[in-house]
Amino acid sequence: MATDIPPATGATGTLPTEDDVRAALRRVNDPEIHRPITDLGMVKSIAVATDGRVEVGIYLTVQGCPMRETITTDVRSAVAAVPGVSEVSVELDVMSDEQRKELASTLRGGQAEREVPFAKPGSLTRVYAVASGKGGVGKSSVTVNLAAALAADGLKVGVVDADIYGHSVPRMLGTDARPTQVENMIMPPTAQGVKVISIGMFTPGNAPVVWRGPMLHRALQQFLADVYWGDLDVLLLDLPPGTGDIAISVAQLVPGAEILVVTTPQQAAAEVAERAGSIAVQTHQKIVGVVENMAGLPCPHCGELVDVFGTGGGERVAEGLTRTTGAKVPVLGSIPIDVRLREGGDDGRPVVLSDPESPAGVALRSIASSLGARQRGLAGMSLGITPRGKF
Ligand SMILES: Nc1ncnc2c1ncn2[C@@H]1O[C@H](COP(=O)(O)OP(=O)(O)OP(=O)(O)O)[C@@H](O)[C@H]1O
């Protein structure tokens, strides 16, 4: 028997088939779309040589895709784990316009029209619009911490930074990633387990955005309809402070969105917060509750709480909104002043993750679990069941 013939099989003696390799690729998700690359038309070719070497051709969605290293590594390790594979090489190519259009249509579930998925009758995503009267009361800090805590609890969470003038959410979540665009679909970056999109990702440098109402409405519509959110349990919208146009836009675009009001304990802040919240009466939206932020500073020496911004603001807003709306509006929690919360925001690591047992971390996590535990009601929703006729 000749001894110089190359082995006809791979490392383990069994030659892998193309189907084996494809099955392994089915476990590789696109890092931005979070779906298997096999479902997205990203596998261009699979070639298995007689010595177990496998060559995989992969289509990237766009030229210079920021995720190409991750995709290559994931493909390589998934295929290398197939029994009989001796070596893996990955060839990258880029989708044609036609392929991208097809992908965008797949992601929309075959629909060409853009629509806001969260406004559809069957949507099970809870949408919370986080509002405040005054600026600087900690609305964005509360939003990112609730989002990170909900994601850490295993929920699928998205955040829209709709605070057009003061967009700070990406920094607070520690990302400066730019979203990838596939045709007119935008892939949101993921940070701290949360999908996030912000106007700041579309402006050069730190340029301020000077948009008026109609532009704001269009930006929000794009964020809701053109961003590929996938199946979310919770979407949080960080609104600009005040009772501006964007709150009305939210009501028009996602009528089922519930309002979460953030205030400080201060009398003046509470009055403005109540005005911001009472817009819900005009837009027929539900107020899920009030969060009181900066509620006292624990003395670093004796632990006694110093009421820097007064007391009772959260209760006052909740009572006022209960009277105005005629429905019980609860105080969901009180968050103390905590240097770690501010540092977490500056460092891009929300305090609920960096120091979950700190007083602010505990308060925020408790508010998040009350929001996450709320059942998604089925009233008025399509169950997608077609009754069968009588036989
Ligand atoms: N409980 C807290 N303890 C310590 N610092 C806090 C707390 N809440 C918020 N901060 C800090 O206060 C500042 C303002 O907070 P943030 O940006 O979240 O407010 P905002 O209401 O979203 O402001 P705007 O809407 O005007 O952008 C930030 O530096 C933040 O880190």
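This tour moves through the structure one selection at a time.

**Before starting**

The model is predicted: local features require pLDDT of at least 70, side-chain atom pairs count only at pLDDT 80 or more, and totals for chains, interfaces and linings use all residues. Residues are numbered from 1 along each chain as its sequence is written.

**The whole chain**

Display the protein as a cartoon. Its secondary structure comes to 12 helices and 15 strands; helices (H or I, at least four residues) and strands (E, at least two) are DSSP runs, numbered from the N terminus. Of the 391 residues in the protein, 43% are buried. A residue is buried if 20 or more other C-beta atoms lie within 10 Å of its own, exposed if 12 or fewer, and partly exposed in between, with C-beta atoms placed from the backbone. Among contacts between residues at least 6 apart in sequence, 75% join residues at least 24 apart; a contact requires C-beta atoms, placed from the backbone, within 7 Å.

**The three-stranded sheet**

Select residues 43-48, 53-60 and 87-94. Here 3 strands form an open sheet in the order β1-β2-β3, with mixed pairing. Two strands pair if DSSP finds at least two bridges between them. The edge strands, β1 (43-48) and β3 (87-94), each pair on one side only. Neighbouring strands of this sheet are turned by 15 degrees against each other on average, direction ignored. Between β1 and β2 (residues 53-60) there are 5 bridges, and the two strands run antiparallel. Within this pairing, isoleucine 46 stands opposite valine 56 in β2.

Next, centre on histidine 34, in the loop between α1 and β1. Histidine 34 has a positive phi of about 60 degrees although it is not a glycine. It is partly exposed, with 14 other C-beta atoms within 10 Å.

Select β5 (residues 157-161). All of this strand is buried, 5 of the 5 residues, so β5 is largely enclosed by the rest of the structure. Val157, Val159 and Asp161 lie on one side, and Gly158 and Val160 on the other. β5 runs parallel to β9 (residues 194-198), joined by 5 bridges, and parallel to β10 (residues 234-238), also through 5 bridges. Valine 157 has valine 194 as its bridge partner in β9 and valine 234 in β10.

Glutamate 292 has serine 334 in β15 as its bridge partner. Continue to methionine 294, in the loop between β12 (287-293) and β13 (297-298). Its phi is near 60 degrees, a positive value in a residue other than glycine. Methionine 294 counts as buried, with 26 C-beta neighbours inside 10 Å.

**Helices on this sheet**

Asn145, Leu146, Ala149 and Leu150 of α4 make the contact, together with α12 residues including Leu364, Ile367 and Leu371.

**The nonpolar core**

Which residues touch the most other members of the largest nonpolar core? They are Ala129 and Leu237, in a core of 106 residues. A nonpolar core is a set of buried Ala, Val, Leu, Ile, Met, Phe, Trp, Tyr and Cys residues joined through C-beta atoms within 7 Å. Helix α4 (residues 139-152) gives the most to this core, with 8 residues.

Finish at alanine 129. Not counting residues up to four places away in sequence, it touches Leu237, Leu239, Val250, Ala257, Ile259 and Leu260.

Definitions and conventions
Contact = placed C-beta atoms within 7 Å. Axes fitted to C-alpha atoms, helices over the stretch in contact; angles between N-to-C directions.
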